[in-house]
Amino acid sequence: MNKSLRGLCALLLLCTTAFASAEDKTFLIKFSHVVADDTPKGQGALMFKKLVEERLAGQVAVEIYPNSTLHGDADEMQALLDGKVQMLAPSLAKFSQYAPQLQVFDLPFLFDDLDAVNRFQKGAKGRQLLSSMEKQDIAGLAYWHNGMKQLTAKRTLQQPADAKGLSFRIQASSVIESQFTQLGATPVKLPFAATTEALRSGTVQGTENTWSNIQSQGYAQYLTHATQSDHGVLDYMLVTNSRFWYSMPHSVRMELEAIIDEVTYAVNKAADRQNQNDRAQLQAAGMQITELDAAARNAWRDAMRPVWQQNEQLIGADVIRAAERANRRH
Ligand code: SIN
């Protein structure tokens with residue numbers, strides 16, 4: 001056997017062995033997140049695990065770590081990049097360091113409702129944003145809904161001026177920070193897991209979040225009032241480490257993608273219902289919920305709207321315009 005033929009045989013053997021070992025291996029997906037099981041994301045993670053166990057037994061195993069039990073806001077992205085976890089679904093506000101354009105989702109009063117958010121996510125710009133972090137080894141697999149954000153505080157927030165002087169816990173997004181500064185309030189960036197303690201100690205006296213997070217985190221113990229402002233969206237991007245993802249055989253990835261499509265459909269269909277149920281439970285338990293009429297809603301919109309201009313360069317005018325267009329039904 002001549003030298004080049006021997007080289008070719010060695011290469012073939014190496015490829016076959018690598019292929020055989022990838023085929024035989026059980027891949028472990030550690031899926032870490034920060035919310036409770038009984039929330040849209042928590043339910044989505046559990047459904048993902050169930051379907052993977054049914055359809056890819058022996059090939060892929062899934063472990064779910066809810067409630068920041070493995071990693072929290074401060075370190076989960078680094079854990080993904082370091083290969084300590086293989087799947088996360090951070091809220092879109094938490095990608096600002098990796099893809100500032102994603103802060104389009106944090107602009108107040110941009111989307112009319114979740115249907116508009118859906119149209120934007122499914123359109124060309126939304127899909128482009130899903131793959132915007134690939135150079136950083138972060139692959140976006142899907143958008144998952146939670147829902148529209150509501151304001152909660154120790155007192156009634158009827159008009160924008162009512163928020164003046166209060167400290168609000170916010171996610172680590174400069175857009176959300178400017179939204180509260182615009183109101184004359186003090187935004188305090190805190191990890192999700194630290195919020196309840198900050199409310200208990202009085203460090204902050206308000207929050208913005210979805211009904212499902214307000215309910216499952218027990219914020220009503222400390223915040224007696226909510227305003228149904230629907231002023232912004234809190235959605236997620238299901239992400240994986242692309243080096244991990246492409247280390248799996250093609251057939252396994254195809255099955256995982258089909259499972260993710262199924263779970264995404266279920267999460268996005270159920271999220272609004274879950275939020276409405278949680279709203280009803282909060283109200284039944286005594287939380288005072290203020291609804292805004294058109295004039296009051298316009299006052300909040302006008303107070304927060306300068307944030308768009310302030311962040312247009314960071315996010316991109318084209319991205320903002322595409323999101324605005326999603327409000328128009330075709
Ligand atoms: C989440 O829903 O994942 C948490 C959002 C937050 O930090 O408020």
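A residue counts as buried when its relative accessible area is under 20%, as exposed when that value is over 50%, and as partly exposed in between. Keep this scale in mind as we walk through the structure, which is a predicted model.

Let's start with asparagine 67, in the loop that runs between strand S2 (60-65) and helix H3 (76-81). Its relative accessible area is 42%, so asparagine 67 is partly exposed. The backbone here deserves a look too: asparagine 67 has a positive phi of about 55 degrees, although it is not a glycine. As background, most residues other than glycine have a negative phi.

A second residue of this kind is waiting further along the chain. Aspartate 137 sits in the loop between helix H5 (124-130) and strand S4 (138-148). Aspartate 137 is not a glycine either, yet its phi is positive, at about 70 degrees. With 25% relative accessibility, aspartate 137 is partly exposed.

Now let's move to helix H6, which spans residues 174-182. Which residues of H6 are buried? They are Val175, Ile176, Ser178, Gln179 and Phe180.

What do the buried residues of H6 pack against? Their partners include four strands, namely S5 (150-153), S6 (167-170), S7 (186-189) and S8 (206-209). Two helices, H11 (294-304) and H12 (306-315), are also among the partners. Just after H6, glycine 184 takes a positive phi of about 80 degrees.

Our last stop is the ligand. Where does the ligand sit? You will find it in the largest cavity. The residues around the ligand are Val34, Val35, Lys41, Lys94, Arg169, Gln171, Phe192, Asn209, Asn213, Leu234 and Tyr236. For lysine 94 the distance is 2.7 Å, for arginine 169 it is 2.7 Å, and for asparagine 209 it is 2.8 Å. The protein covers 100% of the 260 Å² of accessible area that the ligand has on its own.

Note on methods: Residues are numbered from 1 along each chain as its sequence is written. This is a predicted model: local features need pLDDT of at least 70, side-chain atom pairs count only at pLDDT 80 or more; totals for chains, interfaces and linings use all residues. Side-chain values use heavy atoms; hydrogens and water are left out. Buried means under 20% relative accessible area, exposed over 50%, partly exposed in between (1.4 Å probe, protein chains only). Contact means heavy atoms within 4.5 Å. A residue is near a molecule or strand if one of its heavy atoms lies within 4 Å of it. A polar contact is a pair of N or O atoms within 3.5 Å; within protein, one must be able to donate a hydrogen and the other to accept it, and residues adjacent in sequence count only if both atoms are side-chain atoms. Accessible areas come from the Shrake-Rupley method with a 1.4 Å probe; for residues, only the protein chains shown count as cover. On a 1 Å grid over the protein atoms alone, a cavity is a set of points where a 1.4 Å probe fits but cannot get out, and a pocket is an open set with protein on both sides within 12 Å along at least five of seven lines; lining residues have an atom within 4 Å of a point. A molecule sits in a cavity or pocket if more than half of its atoms lie within 2 Å of its grid points.
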